[in-house]
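Here are my notes on the model you asked me to look over. Have it open beside you as you read.

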Amino acid sequence: MSDPTPTPGRRAATGGRAARARFDVTTLAAVVLPLLAVLAALLVDTGSEPRPAVAPRETALSTASVVCPAGGNGIQVASTSGASGDLTVRSGRRDDRDVAVAPGRSTEVDTGERAAVVLGEGDLAAGLVAASFSRPLASFDCRAPVFDHWFTGVGAGARHQSILQLVNPDEGRAVVDVEVLGSEGVVDAPGLRGVAVQGGESRSIDLAATLPRRDELTLHVSVVRGRIAASVRDTVRGIGGSRAGDDGLGSQDAPATENLLLGVPGGSGPRVLFVANPGPTQERATVKVVTADAAFTPSGLEEVVLPPQSVVPVRLTRVLGEVGTGTERALGVLVESTVPTTASLQMFYRGDLVRSSPVARLDGPGTAVLPAGSKSLVLGGAAGPGAVTVTASDEGGAALPEQRVEVASDRATVVDLPDGARLVTVTGVATTSVVLVTNDDGATLVPVRAPVTTGLVPDVAPGLP
C-alpha cells in the first residue's frame, strides 16, 4: 500500500511556491505601483512652460565638400582658410587625387568634362572655393549641396534647351522631386518625381527629351533623401540649329519679394527677364533698372501680372538699351513683387549666352575663383551706406593692389579688376556681388559667395521636454 502522506521534500516545494507568490504581490504593491504613479504624473499637464527652442550652435568643420557639375574644361579649387595642404578631388567613383592648395592661390585640376567633388579635411575643411569654366566662355556653379534649388527660365524646346544635372557626393542613394512651372501653371512631369541618384554618381536630365515644350519653365528641385548638388546647363541655338551660346544657370536658394540680378554686359543683344510666381494667387511685380546712380522704373515699363504658379517672360532689350552707355549704363535689374518670386536674366554678348540669377547678400567675406579675361566686379543691394574692400591675387598667388570703394543701398557700383586676377575677396558692408568676365569668346557671370566656414549642431534635449 502506498503512503498517502506527502514527503518532506514535497512539502518544502509547495511552501516555496506560496512564498514566491506572496513576494510577487508585495513587489507589485511596493515597486511597480509607485513607478506607474510617477509615469502618470509625468503625463499630466502641470501647466509648466514648454522648453524653449534653442538655435543650433556653430562648430568647427572637420570635413566639407563642394560639388562642380559636368561640362567645364576642368575645375579650379582654392581654400580661404589660410592653411596650406592637400584637398581631395573626386571625379568618379574611384578617381581620387590629392591637390595642393596655398593661401591666396587657385589650383587648376584636369577633370575633363566630368562632374567633380572637392573634399577638404581638418584645417582645409573651412572655406572651400571652386569654379568650373569652358570655352566659349561659360561658368558652371560649384556649390556645397543644399536641399532646395530654384532654376527660373529654363528651356525644353528646339532652340532653348536646358540640362538638369544632379550630383550625389555621398555614398548612400539620394532622391529628389522636381516640380515644374510653365506659362500656364504647374506642368505635369511624373518622370521627374522620385529621381534617384546612386552614391558617388551624377545624373543628367535633358528637359527637351523629358518634357518637350516651347514655353520657358521654372524648376524647383527638392531633396527628399540624402544630399544633392543641382545645376543647369543652358543652351540657346540659332536658326538652323547653329549653336548661339552656352552658360550655366545658377540656382536661387528660395523665392523672395526682392530679386536683384546684377551684371549686364555691354552691346545690344536680346535681354529677357523671367519671373516665376510659385504661389496659388495672381500677383504683381515691378521691374526697376539699377545704375550707378539709382534704381528706377523706366517710363513705359508696366507692372508685370503674375498668374499663379506660372512663369512670365518680360522683354527688356529696348528698356535696357535706352538707359544709356558708359557710366549711365544699366548694371542690373531689381524685381520687387507682392509675394515671394524667383527670377533670372537671359542676355547675349557678341552672340554668347549670359545668364544672371539672384545671389545671396554677403554677411561676411565672400570669395570667387575667376577665369582668364577682362573682369569687373559689380556690387549692389548694400545693407546701407559704407565701404567695401576688394582684394585679389593672380595665378601664382601674388597679391594685387587692394581697392576700397563706397557703396549705397539704392544703386550699383563697378570695380575694374586686373585681367590677371584669379581669386577675388570682398569684405565690408554686406552687398550682393558678381564678377562679369568678358573675352573674345563671349561673357559670363561668376557669383561671389561666402565660403562655408562652420557647421551647425542641433540642440537635442535628453528625455521628455
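1. First, the ground rules. This is a predicted model, where local features need pLDDT of at least 70, side-chain atom pairs count only at pLDDT 80 or more, and totals for chains, interfaces and linings use all residues. Residues are numbered from 1 along each chain as its sequence is written, and side-chain values use heavy atoms, with hydrogens and water left out.

2. Now the overall picture. The chain has 35 strands and 3 helices (DSSP runs numbered from the N terminus: E, at least two residues, for strands; H or I, at least four, for helices). Of its 465 residues, 48% are buried, meaning under 20% relative accessible area with a 1.4 Å probe, protein chains only. Take the contacts (heavy atoms within 4.5 Å) with a separation of 6 or more: 78% of them join residues 24 or more positions apart.

3. Next, the inside. The largest nonpolar core holds 36 residues, and Leu273, Leu316 and Val333 have the most contacts inside it. (Such a core is a set of buried Ala, Val, Leu, Ile, Met, Phe, Trp, Tyr and Cys residues joined through side-chain atoms within 4.5 Å.) Strand 25 (residues 332–349) brings the largest share, 7 residues. A second, separate core has 27 residues, including Ala78, Val129, Leu362 and Ala368.

4. Zoom in on Leu316. Skipping residues up to four places away in sequence, Leu316 touches Arg271, Leu273, Val287, Leu301, Val333 and Leu345.

5. Which strand gives the most to the lining of the second largest pocket? That's strand 8, with 4 residues. By type, the lining splits into 7 nonpolar, 6 polar and 4 charged residues (Asp, Glu, Lys and Arg are charged; Ala, Val, Leu, Ile, Met, Phe, Trp, Tyr, Cys and Pro nonpolar; the others, Gly among them, polar).

6. Last, have a look at Thr432, in strand 33 (residues 432–439). Is Thr432 buried or exposed? Thr432 counts as buried because its relative accessible area is 7%. Beyond its neighbours within four places in sequence, its contacts include Leu260, Val359 and Gly380.

Terms used
Buried means under 20% relative accessible area, exposed over 50%, partly exposed in between (1.4 Å probe, protein chains only).
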